[in-house]
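Please look over the structure below. A short report on its surface, fold and confidence follows.

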Amino acid sequence: MESKESSLGTPSVAASNAYAQGLTQFQGFWIPSRSVPTSSIIAFQKYFQALDDDIIVVSKLKSGTTWLKALVFSIVNRHHYTF
């Protein structure tokens with residue numbers, strides 16, 4: 001951890017406070033431990049190989065995910081259809 005003080009106080013105090021609040025430091029950022037499994041993130045970064053034509057679609061739960069997937073599919077495949 002850096003030796004300069006953060007907005008949470010001194011580094012050792014900051015880490016103690018953050019861990020007490022359920023936060024984990026990951027790649028320089030504090031993230032909620034219970035909502036983001038860092039082991040999954042590390043595995044993803046280690047094994048995922050993106051290709052030039054990959055499309056990653058992300059949405060929040062219950063916010064139109066099926067509609068978003070259908071929209072992306074339509075846009076990507078619109079050249080296959082003639083109107």
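## A nonpolar surface patch

This is a predicted model. On its surface, F44, F48, I56 and V58 form a nonpolar patch. Together these residues have about 440 Å² of accessible area.

V58 sits in the loop between helix 2 (38-47) and helix 3 (65-76). V58 is exposed, because its relative accessible area is 69% and the cut-off for exposed is over 50%. F44 is partly exposed, at 48% relative accessibility. F48 is also partly exposed, with a relative accessible area of 33%.

## The aromatic pair

How many aromatic pairs does the structure hold? It holds 1. The partners are F44 and F48, whose ring centres are 4.8 Å apart. Their planes meet at 15 degrees, so the pair counts as stacked; the cut-off for stacking is under 30 degrees.

## Fold and exposure

The protein has 3 helices and 2 strands. Along the sequence, they follow the pattern α-β-β-α-α.

Burial is given for the 83 residues of the protein: 12% count as buried. Contacts can be sorted by their separation in sequence. Of the contacts with a separation of 6 or more, 5% come from residues 24 or more positions apart.

## Around strand 1

Q21 lies in the loop between helix 1 and strand 1 (23-26). Is Q21 buried or exposed? It is exposed, at 52% relative accessibility.

Q21 can also be placed relative to P32. The two are 11 residues apart in sequence. Their C-alpha atoms are 8.4 Å apart in space.

## From the loop into helix 3

The loop between helix 2 and helix 3 holds K62 as well as V58. K62 is exposed, with 87% relative accessibility. Its backbone deserves a look. Phi of K62 is near 55 degrees, a positive value in a residue other than glycine. Most residues other than glycine have a negative phi.

T65 lies in helix 3. At 33% relative accessibility, T65 is partly exposed. Which residues does T65 contact, leaving aside its neighbours within four places in sequence? They are S59 and K60.

## Confidence

The average pLDDT of the protein is 78. A score of at least 70 is reached by 78% of the residues. Confidence is lowest in helix 1 (residues 11-20), at a mean of 69. It is highest in helix 3, at 92. T65, described above, belongs to helix 3.

Residues 1-7 call for caution. Their pLDDT stays under 50. The model has 9 contacts beyond four places in sequence for this stretch. Where pLDDT is low, predicted coordinates should not be read in detail.

Methods
Residues are numbered from 1 along each chain as its sequence is written. This is a predicted model: local features need pLDDT of at least 70, side-chain atom pairs count only at pLDDT 80 or more; totals for chains, interfaces and linings use all residues. Side-chain values use heavy atoms; hydrogens and water are left out. Helices (H or I, at least four residues) and strands (E, at least two) are DSSP runs, numbered from the N terminus. Buried means under 20% relative accessible area, exposed over 50%, partly exposed in between (1.4 Å probe, protein chains only). Contact means heavy atoms within 4.5 Å. Rings of Phe, Tyr and Trp (its six-membered ring) pair if their centres lie within 6.5 Å; planes under 30 degrees apart count as stacked, over 60 as edge-to-face and the rest as tilted. Patches are made of residues with over 30% relative accessible area and no salt bridge: like charges are joined within 9 Å, nonpolar side chains (Val, Leu, Ile, Met, Phe, Trp, Tyr) within 5 Å. Accessible areas come from the Shrake-Rupley method with a 1.4 Å probe; for residues, only the protein chains shown count as cover. A salt bridge is a side-chain nitrogen of Lys or Arg within 4 Å of a carboxyl oxygen of Asp or Glu. pLDDT is the predictor's confidence in each residue, from 0 to 100.
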